[in-house]
Amino acid sequence: MYYKLKDDVRLRAYDRLPRLVVQGDRPIGVSAAEFQALDLCDGAIDVDFPLVPEGVREAIPGLVEKGLVEACEKGTPLKPGQALRRYPNRLVKGVQWSITGACNYRCRHCFMEAPHAKHSDLSTEELLDICDQLAAAGVGDVGITGGEPLIRKDFLQIAQRIVDDGMRLTQIYTNGALVTEELLDALAAMGARPQFCISFDGVGCHDWLRGVDGAEAAAERAFRLCSERGFPTHASMVIHAGNVDTLLETTRTLASWGVPTLKISGVEPVGEWAKGGRGESVSRDELIQAYLDFVPRYVEMGMPMASVQIEALLLVERPDAKRRGPGFDEAFAEALTGDSDGAPAGEDSAADVEGTQGPVRVIARRRCQDSATTCLCLTTRLNPYISSEGRVLPCMTMADIEGAVTDGFPSLRATSLQSILTDSTLLDATDSRGKALLAANEECASCEYALDCLGGCRAAALRADPDNYLGVDRGACELFKKGWVDRAEALAKDVNERYARSVV
Ligand code: SF4
Ligand code: SF4
């Protein structure tokens, strides 16, 4: 009898994670015998062959039931990239990669201080080599950002190499000005369908923040074009005094352009903005109050967008939105903790957020149950950042922070990615667990919100103290200690109850 893996199943093995089964983009938990059985399901091995251990053979019906394998004709081949691949390094799921620090816009809040590109760029050969290194380290997803990535003349060459190396080009972060039919056709021809993540800073306000006349029209054109051509889109908006009142209208407008999801956050005091005189931030309290005022009005308006995320505080999702929930990355997180048998816990821990009542959810509270195994920041652990100079940092928002910690992160100009993902200051930082922070940080250890907050965001902590990766995030302190999280939860409960009554 012959079996093969279902087309969306891949087998991988990494340092400290000897068996990883990924179906689509979700890790699935399996036992050692099941993994051995999956490895035999290649269409070429007769599982009834006497040398196949009984326990392994017996695992196959269960794998059929789980939808991981199917019976097939002898010799039915697997698709490229499905069979077991072994990597000597630790797993990272994807990277966010700045392929240039230069830009065609002059945004008032750009941390790279574009268009002048504070940092130098790498050559085409160096970028292609990074693509190969990513593939050799078993990285699956690549998100490309800048600066403005589409100003690089070799952009399509880089995209093609990512695809040829068997990785997924998952996102392109762009201002949209250079999104053309030709670009989308070329990506489609190479089999890539990345999400276009385009900045949009409020109806009637976008040109001002971006420093270029016509930026708003360009963003609209790009969003519409991507939607027409079947490329997924996402918008991100930074809030300041000049656009905070446009939130409702902006969501309506983005929805009318076919944009399903939006993330909003306050302007970070970086780049030209931090030097003063280029804009007016709202105070943190005013900003959060504005968010809390926005949420009920947005829900009453009928939630034109599928999902709106408000910082790391709130998420408003329409019932028809594809809910992924926190369980998705949690399943990978368990895979990273080196738990008892080295397999991800899979479906149970990756449970979707069904059961979450209503469209509004507070995402600020982490409810950590075991600080010894919980990563301080899953995003940095699973999706680190590569700068335009080839430095590998936990996340993009650390790129402009200079200090003992950030200066010590490794560069692909000097070290291979496999080596960085085996033993490096990057791994030391991103693999930090809550327990380490609580041991090193007296203020967080004695805080009543310690397990709900776990010290907040590492980039924010580093911005306050560039020499201490395990420091305090004052923004998180404000959220918890000033009662904003409690107020957000009360608001969510109220809005969700009213929503439930309205749909009965
Ligand atoms: S609220 Fe502040 S002190 Fe408390 S755990 Fe969070 S960052 Fe640390
Ligand atoms: S360190 Fe902070 S900004 Fe960076 S990914 Fe984590 S939470 Fe986000």
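**A predicted model with two ligands**

R26 lies in strand 4, which covers residues 26–28; helices (H or I, at least four residues) and strands (E, at least two) are DSSP runs, numbered from the N terminus. The model is predicted, so local features need pLDDT of at least 70 and side-chain atom pairs count only at pLDDT 80 or more, whereas totals for chains, interfaces and linings use all residues. Residues are numbered from 1 along each chain as its sequence is written, and chains are lettered from A and ligands numbered from 1 in the order in which they are written.

R26 has 17 other C-beta atoms within 10 Å and is therefore partly exposed. The cut-offs are these: a residue is buried if 20 or more other C-beta atoms lie within 10 Å of its own, exposed if 12 or fewer, and partly exposed in between, with C-beta atoms placed from the backbone. From R26 to V9 the C-alpha distance is 9.5 Å, at a separation of 17 residues in sequence.

The protein as a whole has 21 helices and 17 strands. Of its 504 residues, 44% are buried. Among contacts with a separation of 6 or more, 73% join residues 24 or more positions apart; two residues are in contact if their C-beta atoms, placed from the backbone, lie within 7 Å.

Two helix pairs can be followed in detail. Helix 1 (residues 32–40) and helix 2 (residues 54–65) have axes 8 Å apart and pack at an angle of about 80°. Axes are lines fitted to C-alpha atoms, for helices over the stretch in contact, and angles run from 0 to 180 degrees between N-to-C directions. Helix 1 and helix 2 are therefore roughly perpendicular to each other; angles of 65 to 115 degrees get that label, while those under 35 count as roughly parallel, those over 145 as roughly antiparallel and the rest as oblique. On the helix 1 side the contact uses A33, E34, Q36, A37, L38 and L40, and on the helix 2 side G55, V56, A59, I60, G62 and L63. By class, this contact has 8 nonpolar, 3 polar and 1 charged residues. Here Ala, Val, Leu, Ile, Met, Phe, Trp, Tyr, Cys and Pro count as nonpolar, Asp, Glu, Lys and Arg as charged, and the others, Gly among them, as polar.

Helix 10 (residues 284–300) has 17 residues and reaches 25 Å from its first C-alpha to its last, close to the 24 Å expected at 1.5 Å a residue; the expected span is 1.5 Å times one less than the number of residues. Its buried residues are L287, I288, Y291, F294, V295 and Y298. An α-helix has 3.6 residues a turn, so residues three or four places apart point the same way.

The partner of helix 10 considered here is helix 21 (residues 484–503): their axes come within 10 Å and cross at roughly 10°. That makes the two helices roughly parallel. I288, L292, V295, P296 and V299 of helix 10 make the contact with W484, R487, A488, L491, V495 and Y499 of helix 21. The class count for this contact is 10 nonpolar, no polar and 1 charged residues.

Some backbone geometry also deserves a look. Most residues other than glycine have a negative phi, and most peptide bonds are trans. After helix 10 comes G302, with a positive phi near 100°. M303 has a phi near 50°, positive in a residue other than glycine, and lies in the loop between helix 10 and strand 13 (307–310). M303 counts as buried because it has 21 C-beta neighbours inside 10 Å. R16 also has a positive phi, near 65°; its place is the loop between strand 2 (9–14) and strand 3 (17–23). R16 is exposed, with 12 other C-beta atoms within 10 Å. A cis peptide bond, with omega about 15°, joins G146 and G147. G147 sits in the loop between strand 8 (141–145) and helix 4 (155–164).

The ligands come last. A residue is near a molecule if its C-beta atom, placed from the backbone, lies within 6 Å of it. Ligand 1 has 14 residues around it, of which C444, C447, C453, C477 and F480 come nearest. Helix 17 (442–445), helix 18 (450–453) and helix 20 (474–481) are the elements giving two or more residues to this shell, and helix 20 gives the most, with 4 residues. The shell around ligand 1 has 9 nonpolar, 2 polar and 3 charged residues.

Ligand 2 is surrounded by C377, T379, T380, P394, C395, T397, C457, R458 and A459. Helix 12 (378–382) and helix 19 (458–464) each supply at least two residues of that shell. Its classes are 5 nonpolar, 3 polar and 1 charged residues.
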